[in-house]
Amino acid sequence: AADGGTVLKATYNRKDNNVSPVTVSGGATVRRVAITGGFVSGIFTAHGVGMTITSGTLIDCAVTNNVYKGSGNENAVGVYVKCDAGEAVTITHCTIADNYSDLGSGQLLPDGGGIYLDNSGTVLVDNCLIANNRGYTTSTVPTKGAGAGVYITGGGATTVANCTITGNSTGYKGGGLYINGNIKPRIMNCIIAGNEAKSDTCVNAPDVSASSLAADGAITASGL
């Protein structure tokens, strides 16, 4: 989307590799956009099979049915958020669902099947449904694929509020939500339930994986 622009009632279908089909930057506002049918096979070096957002707002959008079957070091099958210091991203009243990866032994599952938040600025995800995002692998000991629903990293101010995170599944850690490192995002008034993490032994598995969860109360959420 162009800086400061608004896109209405658009559908973006993607079949090519090595570029995110939709990039939102410069504080753009994007409304009622459906991003669906993205497909990657082979080597994919970018992030965000569905879309990438670095600065701006998504309202009433749907990012669904994007598929990763590649062999690169991918993150985010649905939405990839890369928010630098001084920038802000808001995602509100959106559906991020049914995005999935299906890989063979020795291949790396993407982290953040639904949404990957790499935040050094300010990010708000509010009133969203994040559901049925899945990561499959035939590897018996996978080393990647955390956060089938939501993956959070970076030291910025991250808030996930009033969201339902359910039905997400991964062969690794954090079926619903994965928090990377000793960071303290705010998870408020959310339902995080009915998720699956096949190799997770962390606290509150399989719905949430967070090293600091029990120690410092970084997360307060219903459904745990």
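A nonpolar core is a set of buried Ala, Val, Leu, Ile, Met, Phe, Trp, Tyr and Cys residues joined through side-chain atoms within 4.5 Å, where buried means under 20% relative accessible area, exposed over 50%, and partly exposed in between (1.4 Å probe, protein chains only). The model shown is predicted, so local features need pLDDT of at least 70 and side-chain atom pairs count only at pLDDT 80 or more, whereas totals for chains, interfaces and linings use all residues. Residues are numbered from 1 along each chain as its sequence is written, and side-chain values use heavy atoms, with hydrogens and water left out.

**View 1. The whole protein.** Of the 224 residues, 51% are buried.

**View 2. The nonpolar cores.** The largest nonpolar core has 35 residues, of which L58, V79, V81, I91, I115, L117 and V125 touch the most other members. Strand β10 (residues 79-83) gives the most to this core, with three residues. Apart from it lies another core of seven residues, including A146, Y151, Y172 and Y178.

**View 3. The surroundings of V125.** Residues up to four places away in sequence are not counted here, and V125 touches I91, I115, L117, T159, V160, A161 and C163. Contact means heavy atoms within 4.5 Å.

**View 4. A six-stranded open sheet.** The strands follow the order β3-β7-β11-β15-β19-β23, and their pairing is parallel; two strands pair if DSSP finds at least two bridges between them. At the edges are β3 (28-31) and β23 (186-188), each of which pairs on one side only. Within the sheet, strands β7 (residues 56-59) and β11 (residues 88-92) pair in the parallel sense over four bridges. L58 stands opposite I91 in β11.

**View 5. The setting of D118.** Which strand holds D118? D118 is found in strand β14, which spans residues 115-119. The residue is buried, with a relative accessible area of 16%. Its side chain makes a polar contact with the side chain of K82 (3.2 Å). A polar contact is a pair of N or O atoms within 3.5 Å; within protein, one must be able to donate a hydrogen and the other to accept it, and residues adjacent in sequence count only if both atoms are side-chain atoms. Leaving aside neighbours within four places in sequence, D118 is in contact with Y80, V81, K82, C83 and T153.

How values were computed
Helix = DSSP H or I, 4+ residues; strand = E, 2+ residues; numbered from the N terminus.
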